[in-house]
Every structure is written in C-alpha cells, then in structure tokens.
Amino acid sequence: LYGSCRIDRAPAWSFWERRGSLMAQNREQRAAQVASELEAKNAALITLVGDMGGRHEQLTGAVRYFEDQYVQDPSKEKIELLTKEYLADALNTVATDVNDIASNLNDFLDLQAEAVDSLGTSLEMANMRLRMLKQQHGAARFQHMRQDKPPPPTDARKTQAQDDAPEYNRVPLSERLNKYSAVGISLQGEAGGAASS
C-alpha cells in the first residue's frame, strides 16, 4: 500500500497548459494582425506625407502662375478672385491631409502601444509557463528520487558486498601513523651521513 499510493497532478496542469496554449494562439494571431495593420498605417503615412510634399510644389507653381497672370492680365479683380478661390481650396486640401496624417499617426501609435502591451503579456505568460515547467520537473525528479519500496535489509547488502570484494580488516590509526614515524629520522640520518663523508 505504501508504494501504490500516488497522486497524479497532470490533469490540473494540462488545463492550465491548454488555457495558456489557447491564449498564446490568440496573442499570436492578434500580434500578426497588429503587425499587418502597422505596415498598412506606415505605408499610408508615407503616402500622405509624400502627397503633402507634392501639394507644396503644386501650390508654389500656382502662386507663380497667378503672379504672372496678375501682372499680364488687365482685369486684376478677376485674378484676385481666382487666386482666393484656389488658395481656399488648397488650404482646405492641406487641412484635410493634415487631419488624415494625424489620424493615421494616432492609429499607428495606438497599434504600437498595443503591440508593446501584448509583448508584456507574452513575457508574463512565458514566465508563468517556465515556473510551471520548473515545478513539473522538480515534482518528477522528486518522484524519481522518492523510495516507494523500503530499502533491503542490511544483511542482504553485506552478503552481496562479501561476494564482490575481500573483507576489509580495520587497522587502528596509531598503527598506521607509527609505520611512518621513523621516516623523517632516517632521512635526516642519511643526509647527515652524506654530509660527513
């Protein structure tokens, strides 16, 4: 009965692993969606800023044209009216472009903030999974190290050891030390004898 009693905790962990796996899949899908939206917003911003540069060139060209017409045409009021209408339309277009750029930039920054938040969540989930794996590994090692059966009797170990190796005869420490006690003296005697000859 001692060895047969086991507690299996795998179902509880598998629930959390499945939940974590589903959450990871959802995060990966959302991250891919955010990445594609970021690319689209980036392309739109580049296009809008390029269009703004083109509008500047168009406006500069229109101003030169109206200056030339004002100098050459005798009906100055008509040219002034056309210039005012054109500039009002141009300013309206520029304001619309600035509004579009601001809106796209705001969306772009929101998407980047969401990507950073999801990265933080991903790191937290990875940390949680690492802790779970460490705990599972520790439980498995503990289970492996745990002795489910009582150790064999000491007599059985002795007979097994006797079959493999010769019996060890214990020698007292004083005998072992006395064996080497004369070594230093004999070396000094030989060294003294060699020095005298």
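Mentor: Helices (H or I, at least four residues) and strands (E, at least two) are DSSP runs, numbered from the N terminus. The protein chain has 5 helices and 0 strands. This is a predicted model: local features need pLDDT of at least 70, side-chain atom pairs count only at pLDDT 80 or more, and totals for chains, interfaces and linings use all residues. Residues are numbered from 1 along each chain as its sequence is written, and side-chain values use heavy atoms, without hydrogens or water.

Now the pairs. A salt bridge puts a side-chain nitrogen of Lys or Arg within 4 Å of a carboxyl oxygen of Asp or Glu. The whole structure holds 2 salt bridges.

Take Lys41 and Asp107. Their closest N and O atoms are 3.2 Å apart. Lys41 sits in helix H1 (residues 10-72) and Asp107 in helix H2 (residues 76-145), 66 residues apart. For cover, buried means under 20% relative accessible area, exposed over 50%, and partly exposed in between (1.4 Å probe, protein chains only). Lys41 is partly exposed at 22%. Asp107 is also partly exposed, at 29%.

Next, Asp97 and Arg55. The closest N and O atoms of this salt bridge are 2.5 Å apart. Asp97 belongs to helix H2 and Arg55 to helix H1, 42 residues apart. Asp97 is buried, with 6% relative accessibility. Arg55 is partly exposed at 27%.

Now the background. Of the 197 residues of the protein chain, 10% count as buried. Contact means heavy atoms within 4.5 Å. Among contacts with a separation of 6 or more, 84% join residues 24 or more positions apart.
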